[in-house]
Amino acid sequence: MNWDQIEGKWKEYMGKARASWGEFSDEELDQIAGKREQLIGKLQQRYGLEREEAERQADEWARNL
């Protein structure tokens with residue numbers, strides 16, 4: 001699934017994001033709003049990931065929707 005579709009249906013996908021990254025708060029999920037760069041940044045902040053790993057996780061998650 002592409003990120004434009006994810007952004008448009010973010011409310012539907014928030015539960016799946018929470019299942020994948022349980023440490024995100026509701027506020028953080030609202031801030032992400034389905035945007036790839038926002039998700040990558042939050043993954044780096046919350047989980048201490050390097051950018052490449054955060055990108056890999058975000059893209060793999062999107063592919064599996």
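A quick definition before you click: buried means under 20% relative accessible area, exposed means over 50%, and partly exposed is in between, using a 1.4 Å probe and protein chains only.

What you're looking at is a predicted model, where local features need pLDDT of at least 70, side-chain atom pairs count only at pLDDT 80 or more, and totals for chains, interfaces and linings use all residues. Residue numbers start from 1 along each chain as its sequence is written, and side-chain values use heavy atoms, with hydrogens and water left out.

**Stop 1: the whole chain.** Colour by secondary structure. Helices here are DSSP runs of H or I with at least four residues, strands are E runs of at least two, and numbering goes from the N terminus. The C-alpha trace spans about 25 × 20 × 15 Å along its principal axes. The radius of gyration, taken over C-alpha atoms, is compared with a globule rule of 2.2 Å times the number of residues to the power 0.38. For 65 residues a compact globule would come out near 11 Å, and the chain's 10 Å agrees with that.

Stop 2: In soluble globular proteins, nonpolar side chains tend to be buried together.

**Stop 3: Leu43.** Contact means heavy atoms within 4.5 Å. Leaving out residues up to four places away in sequence, Leu43 touches Trp21, Phe24, Gly48, Leu49, Ala54, Gln57 and Ala58.

**Stop 4: Gln57.** Hop over to helix α5 for this one. With neighbours within four places set aside, Gln57 contacts Trp21, Leu43 and Leu49. Now draw a distance from Gln57 to Asp26, 31 residues apart along the chain: their C-alpha atoms are separated by 19 Å.

**Stop 5: Glu28.** Which helix holds Glu28? Glu28 sits in α3, and counts as buried because its relative accessibility is 11%. Beyond residues up to four places away in sequence, Glu28 touches Glu23, Lys42 and Arg46.
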